[in-house]
Amino acid sequence: MANKTVKIDVEYLTRVEGHGNIVIDVKEGKIDKCEFQVVESPRLFEGMLRGRSIFEAQHITSRICGICSCGHSLASIQAAEDALGVTPTEQTIKLRKLLLDYEFLDSHVLHVYLLAAPDVLGVPSFVPLVKTHNAVVRRALRMKKLCNDVCDILVGRHVHPISAIVGGFTKLPRPKDLDAMLEMLESMRDDMAETLALAKTLQFPDFYRETEYVGLVSDDEEYPLLMGDVGSTDGKRLGKKDYRQATNEFIDPRSSAKFAKWSRDSYLVGALARFNLNSDKLHPTAKAIAEELGLKPICHNPYLNTVAQVVEIVHCYEHAIDLIKDLKKNGINYDEEIVVGVNEQQKIPVRAGDGVGAVEVPRGILFHNYVTDSNGIIEQANCIIPTNQNIANIEYDMMKLLPEILDQTKEEITLKMEMLVRAYDPCISCSAHYLNVKFVE
Amino acid sequence: MERMLMKPKVAFFDFACCEGCQLQVANLGEALLDILGAIDVVEFREVMSEKWDKNYDVAIVEGSITDEHAEQRIRKIRDRSAVLIAYGSCATIGGVNGMKNSFVLDEIRQSVYGKDYQLFDSKKTRPIHQVVKVDYFINGCPVYHPEVIEVLKCALRGVPYAVPDNPVCSECKLNENVCMYDRGVACLGPWTKAGCNSWCINNGNICYGCRGMVTNPARNGANDIMARYDLNFDLIRNKFDMYNKCSEEDKNG
Ligand code: SF4
Ligand code: SF4
Ligand code: SF4
């Protein structure tokens, strides 16, 4: 084994969003290369935003990623409102939290069942599972569709929400919509139980590497997803305006995405980071599930990000149900419905501003930052996406893992590496852009 | 077994985009299994690891062409595909990626990547048909489920699909929405191709023009609207650029 020579070249890693390669080169037991390369062609979003109205930003930036477009919308809206000095109403905040719950449910179901599970079940995709595990595939697609349908009711559609905009919602759910959403979610209970039963059978590789976990933190009782400060398991905490101090982005020529680090050489964001930071604030049902699944903070096995996603599925599911019940009880104030446009009617006063949005999306903490002129036209924009923050950490994981599995076959090594990257649920199509970077010399 | 072999080989490919249009496929739910029963999906990188080295009966292509490598890749895909479907606004009209073309290329590259911008290749955004021949167009950002099914049926049967060429307003009126212009807001419905059932306006938003412009917009009607509501021409044009910037090359070419 000591003199082993392995060359692995995975072009376009599958079952992830966007394009990334894995390149490993071991010559006679010496690691020459062990890289995760992002090769997505840059779309230059931050550059394109310049000159657009801040009221359009959310519509444009949700197109950074189709899977977490609701999360991008919410981070974008938060940044715009921060720049404009708009404070959302309590009702708006509740509805945004509900939207975020739906987003997590939808995205985590997709990842756990269709993108990650095939690895654990030893097949190349969910397609062969249609034959061998038909009920599982049907359940996954059914749950996915249901998450999608409740989202359609709330904001018009899941891929690029329509009614959630700066200032609030252009269309508020009617009582019958609340009833329908509640009934649909309740109808998913059995599938939730089956999901947990499945999760218990999944076996993940045993691997450990200590790292820093970063996500939103707050002083209140709720598991923070929509609002909070930026915190880490190394005990750091910053207001969201100071996000650049936490992310410290730098570039590397082999990758069109950027790297990030805070206290150490790299950090991890996403479900596992949130769990490690805030597990005590999970919904009681989700807490019990974490215990059943044997997940304890601080967990240092990145493969278990998928298990943390299962815990979050339960949390978001229960939280969404509680929220809808609350909205039903308190009733919805339809006077808050707003008319959009590029603010033609100047309903929302514009001013020169610099606003930051920091929102947890399924893959981790997401930052949007816009600087506008006095007409509300964007002069500069910056979006720091979860995958960018995770890339360095993925590579350090790969480098620690490689010697541990070097005695295995090339196929096994490849699979474990692919699984590792996929466990992070990377969203590469969005990682390929950042803005006005201070380049590390 | 015979019949299995007859199933058309279908592959999905993605270029620069948000992959939301592909996701719309997964969002079909169990209906997807019916579709999977009629076709043989041989490549779909976002959800499958399987690869295929022979020709495709149908290639469904999402995203815009924005660099040299993408251009070479789409040419190879075209060579291997009997039918090619441009899928979603990024692929059919360049979509939001086209906004890049409003800037001098090197300037916008530099604004994002700083002095090392040349490390990462980036060309002018082009929709698929500006690079290779396209047989079917499915518009929308994201695509609209009923239309996806409709076009797929046509493509599998080999019959043409006529992309709607009437404005979104025609559907919006049928849906009995209060017109956005009457609410004091400019909407691109009068100039945008229908087929989405006026999706955005039904949900209280305006039409952003994601399906591309109708070939023959009612110019006088448009001028009337502009005059009646005292609209600023630059504002409207700026709104068009969000999705339709690439169409300028169609006119030139
Ligand atoms: S057309 Fe829109 S939804 Fe589809 S891939 Fe492009 S940006 Fe995403
Ligand atoms: S709201 Fe828009 S799409 Fe509807 S009728 Fe008015 S202009 Fe046309
Ligand atoms: S209403 Fe306009 S922007 Fe909305 S989906 Fe239809 S064509 Fe696209």
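**Working through the model**

Author: Start with one residue: B:M99 is buried, with a relative accessible area of 2%. Keep in mind that the model is predicted.

Reader: Where in chain B is B:M99 found?

Author: B:M99 sits in the loop between α5 and α6 (105-113) of chain B. Its C-alpha atom is separated by 9.9 Å from that of B:K124, and the two residues are 25 residues apart along the chain.

Reader: Now chain A. Is A:K7 buried or exposed?

Author: A:K7 is exposed, with a relative accessible area of 59%. Its place is in strand β1 (residues 6-10) of chain A. From A:K7 to A:I24 the C-alpha distance is 5.7 Å, and they are 17 residues apart in sequence.

Reader: How many residues of helix α10 of chain A are buried?

Author: Eight of its eight residues are buried, so this helix, residues 271-278, counts as mostly covered by the cut-off of under 20% relative accessible area. Among them are A:R274, A:F275 and A:N276.

Reader: And which domains does chain A have?

Author: The domain assignment gives domain 1 (6-41 + 396-440) and domain 2 (45-391). The centres of domain 1 and domain 2 of chain A, taken over C-alpha atoms, are separated by 25 Å.

Reader: Switching to rings. How many aromatic pairs are there over all chains?

Author: The count comes to eight aromatic pairs over all chains. One of them is formed by B:F13 and B:Y56, which is edge-to-face, with 5.3 Å centre to centre and 70 degrees between the planes.

Reader: Why does that pair of B:F13 and B:Y56 tie together parts apart in sequence?

Author: B:F13 lies in strand β1 (residues 9-14) of chain B and B:Y56 in strand β3 (residues 56-62) of chain B, so the pair ties together parts that are 43 residues apart in sequence. Both B:F13 and B:Y56 are buried.

Reader: What about B:Y181 and B:Y229?

Author: B:Y181 and B:Y229 form a tilted pair, 5.4 Å centre to centre with 45 degrees between the planes. B:Y181 lies in the loop between α8 (168-174) and α9 (199-202) of chain B, and B:Y229 in the loop between α10 (219-228) and α11 (233-244) of chain B, so the pair ties together parts that are 48 residues apart in sequence. B:Y181 is buried at 5% relative accessible area, whereas B:Y229 is partly exposed at 25%.

Reader: Which residues lie over the face of a ring?

Author: B:K54 lies over the face of B:W52, at 4.4 Å from the ring centre. B:R73 lies over the face of B:F15, at 4.2 Å from the ring centre. On the subject of rings, B:F12, B:F44 and B:Y87 form one aromatic cluster.

Reader: How many disulfides does the structure hold?

Author: Zero, over all chains. As for cysteines, A:C383 is buried at 0% relative accessibility, and B:C18 is buried with a relative accessible area of 8%.

Reader: Next, the ligands. Where does ligand 1 lie?

Author: Ligand 1 lies between chains A and B. It is surrounded by 14 residues, and the closest are B:C18, B:C21, B:S89, B:C90 and B:C141. In chain B, α2 (20-26) and α5 (89-92) each supply at least two residues of that shell. By class, the shell around ligand 1 has six nonpolar, five polar and three charged residues.

Reader: And which residues are around ligand 2?

Author: Including B:C169, B:C172, B:C179 and B:C187, they also take in B:Y181, the buried tyrosine from the tilted pair. The largest share of the shell around ligand 2, four residues, comes from α8(B). The shell divides into nine nonpolar, one polar and one charged residues.

Reader: Last topic, the backbone. Which residues are joined by a cis peptide bond?

Author: A cis peptide bond joins A:P297 and A:I298, with omega about -5 degrees. Another joins B:C141 and B:P142, with omega about 0 degrees.

Reader: What is the phi of A:D425?

Author: A:D425 has a positive phi of about 55 degrees, although it is not a glycine. Most residues other than glycine have a negative phi. A:D425 lies in the loop between α14 (410-423) and α15 (428-431) of chain A and is buried, with a relative accessible area of 2%.

Key: Residues numbered from 1 in each chain as written. Chains lettered and ligands numbered in written order. Predicted model: local features only at pLDDT ≥ 70, side-chain atom pairs only at ≥ 80, totals over all residues. Heavy atoms only, no water. Phe/Tyr/Trp six-rings, centres within 6.5 Å; stacked < 30°, edge-to-face > 60°. Buried < 20%, exposed > 50% of the residue type's maximum accessible area, 1.4 Å probe, protein only. Lys NZ or Arg CZ within 6 Å of the ring centre and 35° of its normal. Disulfide = S-S within 2.5 Å. Domains from an automatic or database assignment. Near = heavy atom within 4 Å. Nonpolar A, V, L, I, M, F, W, Y, C, P; charged D, E, K, R; others polar.
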